[in-house]
Each structure stands twice: as C-alpha cells, then as structure tokens.
Amino acid sequence: MQTSILTKYREARLPWYTIYPTVPEFSTVVGAQTYEKWLGDLPADEPVSLYLHVPFCRSMCWYCGFPTTITRRDAPILNYLAMLRDEIRLVSEQTPRALPVSDVHFGGGTPTLIGPAEFLALMEFLRRRFAFRKTATVAVEIDPRTFTAEMAEALGAADVNRASLGVQSFDPIVQKAINRVQSEAQTAAAVEELRRHGVGRINFDLIFGLPHQTVQSCVQTARSAVAMRPNRLAVFGYAHIPSVIKNQRQIEETALPDSAARAEQAAAVAETLVAAGYREIGLDHFALPEDELALAQKTGRLRRNSLGYSADTCKTLIGFGASAIGRIGEGYVQNEVTRDSYTRHIAAGRLATSKGYRLADEDRVRAAIIERLMCDLEADVPAICSAHGFDPIRFLDSAEGLAMLAEDGIVDIEKGFIRVRQEHRFVIRAVAAAFDAFLDRVVP
C-alpha cells in the first residue's frame with residue numbers, strides 16, 4: 001500500500017463504526033424514562049442479545065483503552081455482582097414477559113475474575129429472568145494469566161460455548177513493554193481446559209503496532225496462535241492516545257512502529273492467517289471456513305454491532321453493567337460510565353441509563369450503508385435507500401469524500417454500487433466515514 005494513501009486515510013482519527021451514530025452523538029435527552037418505555041415496547045416473542053460488562057482486572061495492561069478497575073481483592077467484584085443482579089431484575093421487570101435470548105456476551109475487564117460459584121449463580125439468575133433458547137451462544141472474555149481449571153469447569157457447567165482469549169503478542173519484549181507478560185504455555189493450557197469442558201469455540205485477540213513489535217514478531221505470534229487452532233481471530237491496530245488514556249503514558253512512544261511499519265505488520269499477519277486456512281472477515285477479523293462469522297459473511301448476514309463483527313442477527317442488544325451500551329428498536333442507550341455512579345443509581349432502585357440516541361429514519365439508512373461497507377467491503381446504496389423509502393441521490397451527493405476515494409483507487413463506483421478494492425480493505429473506515437453525517441471531514 002502506498003505511503004501517501006496510508007498518510008491520507010488510514011492514520012486519520014476515524015470511528016470504528018461498530019455502531020452508527022457513534023457514542024459522541026449520545027445525549028442526556030435519552031435517559032432512564034425513555035429506556036423504560038423502549039423496553040416496554042419490545043416484541044415479547046422477538047429474540048434479544050445480552051451484554052454484561054465486568055470492569056475488573058488484576059493488573060493494568062498499558063495499551064488498554066477500556067474502562068476497568070484494578071483490584072487484588074474479591075470484595076469489590078462481589079459488590080458489583082450484587083448491583084448487576086439488581087439491574088437485571090430492574091430491566092426484566094420493564095419488559096412484556098421473559099424475553100427469548102439467543103446470544104449472551106460477558107465482556108470486560110476480565111469476566112472470569114468472577115468466582116466459579118458466583119458465575120454459575122449469575123447464569124442461573126439470568127435464565128430465571130430471560131427465556132434462553134437451547135441454541136443460545138454464551139461467550140466469555142478470558143485473560144489466560146488468571147484463568148483456572150475450576151473456572152473452566154464452571155463455564156462448561158453454565159453452558160458457555162464460546163471463549164475469547166486476550167493474546168495480543170507472544171513476543172516477550174513486547175509483552176514487557178505493555179505490562180502483559182503471558183506465555184504461550186499459559187494460553188495453550190487455557191485453551192486445553194476450555195475444550196476439555198465443552199467450550200469448543202475459541203477466539204483470539206491479537207494486536208499489531210505495539211512498542212518494539214516487528215513484522216517478524218507479528219508473524220511468529222500469528223503462527224503460534226494458529227498452532228492452537230482458534231476458530232477465529234481479531235487483529236486490531238494499537239491506537240496510541242495517551243492524552244485520553246492515562247495508562248498509555250507508560251508506553252515508550254519512540255518504540256512504536258510508524259505508519260508504514262504498522263501496515264507491513266497488518267499485511268504480514270493477514271497473509272499468515274489466510275495461508276493457514278482462515279478467511280478474511282471485514283476489516284480486522286479472520287475465521288475458519290466453518291465458523292459462524294465466515295458462514296454469515298458468505299450468506300450476506302454478517303453484522304456489525306458494539307462488540308465488533310458478529311453473526312448475531314438480533315435487533316435488540318440489552319447492556320448490563322457500568323458503561324454498557326444497548327441497542328433497542330428506537331435507538332441506543334448507555335449506562336453510567338463510572339462504577340460508583342452506576343452503583344448509586346442501581347442501589348437506589350432505578351435504571352443507570354445516563355445517555356443515548358433516538359434514531360431518525362435517515363440515521364437508519366446511513367447505518368445500513370456503513371454496516372454493509374464495514375462487513376462486505378461493498379454497498380448497494382440505491383437498493384438500501386429504496387428499502388428505506390429514500391432517494392439514493394441525496395446520500396451519494398452528500399458523501400463528499402467518495403470522488404476522492406475513487407480517484408485514489410480505493411473504491412470503484414458504478415450506478416451507486418460502491419466496492420472497496422481488496423488491497424485497500426484496511427482503509428474501509430475512510431469509505432464508511434463518507435456517509436457519516438456527524439463527522440467533520442477528517443479526510444483531506
């Protein structure tokens with residue numbers, strides 16, 4: 001990829017478009033009362049997804065941009081679990097009846113810091129408040145450094161069937177530079193325990209662009225990961241914004257690779273994974289051909305939600321816990337971000353919704369275009385607009401950056417059908433940004 005293209009598009013501060021409109025557009029106009037009404041209006045027989053945020057870790061990874069609390073004690077986690085159960089009860093009381101559930105995701109932080117007995121009790125409570133489908137996907141994020149055989153057994157007993165393991169890099173020099181020392185043996189042991197207890201679908205998270213990373217170390221990490229044969233991998237580029245994320249100030253900026261080196265790393269990892277039999281999924285995911293993501297992509301059902309790429313087709317995502325984001329039919333809601341503020345609301349017997357966004361018809365059209373671009377690297381703008389009752393000319397004419405993207409060879413456009421050239425998939429966010437009505441035109 002040409003350096004000029006990289007400079008012009010890839011390094012721009014653009015949203016990841018997991019949702020649209022993005023969180024900066026949320027406001028307090030949408031609060032707890034609005035959320036209550038939206039919950040009450042949900043169709044009683046339409047399946048929903050659940051997301052539970054557990055914001056605790058044993059140590060801070062210096063690259064991490066997620067809200068989390070470092071604790072060596074279990075008491076704060078147990079207190080938080082009590083609030084989580086109360087929120088689940090409050091939310092379920094607002095719905096017409098026990099809603100059917102097809103997907104559950106425990107995110108963090110490190111959800112497996114919840115003790116085995118406490119996790120089983122929480123899952124039992126969820127099943128009493130919601131109607132889990134027999135085929136429900138239940139996924140948990142795991143830090144192999146703190147994972148135990150007892151927890152693996154509990155996950156199996158709770159019918160967890162997917163686990164996402166943080167790996168990032170197996171290079172010990174890189175690990176030391178990001179304060180996350182994790183051996184291949186620890187990761188392999190966690191994978192083995194999970195599979196032994198019936199948690200058969202395994203995801204790995206890898207990161208490129210970290211301090212002291214090289215193309216060679218990225219490729220070696222990818223090869224080591226492939227040897228454990230996860231079903232899918234997410235390969236993210238590290239975003240260094242220490243002015244916003246304080247723990248990133250511990251990272252030595254001079255050790256970070258430049259734009260060209262980052263592009264080489266991303267390309268080398270992609271080449272390694274594809275050679276090992278994985279399919280490229282959207283911007284940054286890779287999956288074995290039989291994995292749900294690959295099948296969803298093949299049939300045009302791949303989705304983009306607040307968790308990233310997904311085969312989950314639910315219209316509704318209900319978020320629980322501090323900072324959790326939900327998607328209800330009418331729009332988005334987000335809980336109080338800080339744990340203390342979240343706890344105060346729930347302890348007082350009220351929903352912790354702090355802000356949200358009510359979707360307009362135009363937002364839904366733009367969201368659909370952006371989602372198809374992010375998922376399929378192409379979008380039939382006239383067809384999408386027609387399905388929503390809109391004239392495509394309005395959206396194509398307002399997408400000011402499209403002409404420049406076409407001139408630079410990033411996209412091909414024919415009668416409103418936009419296709420991103422495969423070699424430029426890494427700058428797909430710049431194409432999606434052309435349809436973002438709220439974004440100041442970052443692309444020069």
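Me: Which residues does Tyr17 touch, not counting those up to four places away in sequence?

Reply: Tyr17 touches Thr22, Arg304, Ile370, Met374, Arg429, Ala432, Ala433, Asp436 and Leu439, where contact means heavy atoms within 4.5 Å. The model is a predicted one, in which local features need pLDDT of at least 70 and side-chain atom pairs count only at pLDDT 80 or more, while totals for chains, interfaces and linings use all residues. Residues are numbered from 1 along each chain as its sequence is written, and side-chain values use heavy atoms, with hydrogens and water left out.

Me: Why is Tyr17 called buried?

Reply: Buried means under 20% relative accessible area, exposed over 50%, and partly exposed in between (1.4 Å probe, protein chains only). Tyr17 has a relative accessible area of 3% and is therefore buried. Its place is the loop between α1 (3-10) and α2 (32-40), helices being DSSP runs of H or I with at least four residues and strands runs of E with at least two, numbered from the N terminus.

Me: What is the phi of Tyr17?

Reply: Phi of Tyr17 is near 55 degrees, a positive value in a residue that is not glycine. Most residues other than glycine have a negative phi. Asn179 also has a positive phi, of about 60 degrees, and lies in the loop between α6 (172-177) and α7.

Me: Why does Asn179 count as partly exposed?

Reply: The relative accessibility of Asn179 is 31%, so this residue counts as partly exposed.

Me: Why is Thr187 called buried?

Reply: Thr187 has a relative accessible area of 0%, so it is buried. This residue belongs to helix α7 (residues 184-196). Beyond its neighbours within four places in sequence, Thr187 is in contact with Pro144, Leu165, Val167, Phe170, Gln182, Phe204 and Met228.

Me: How do you know that the span of helix α3 (residues 75-92) agrees with its 18 residues?

Reply: The expected span is 1.5 Å times one less than the number of residues. For α3 this gives 26 Å, and the end C-alpha atoms are 26 Å apart, so the values agree. Buried residues of α3 include Pro76, Ile77, Tyr80 and Leu81.

Me: At what angle do the axes of helix α12 (residues 361-376) and helix α13 (residues 381-388) cross?

Reply: These axes come within 10 Å and cross at roughly 145 degrees. Axes are lines fitted to C-alpha atoms, for helices over the stretch in contact, with angles from 0 to 180 degrees between N-to-C directions. In α12, Arg364, Val365, Ala368, Ile369 and Arg372 meet Val381, Ile384, Cys385 and His388 in α13.

Me: Which peptide bonds are cis, with what omega?

Reply: Among them are the bond from Tyr20 to Pro21, with omega near -10 degrees, and the bond joining Gly108 and Gly109, with omega about 10 degrees. Most peptide bonds are trans. Pro21 lies in the loop between α1 and α2, and Gly109 in the loop between β4 (100-108) and α4 (116-129).
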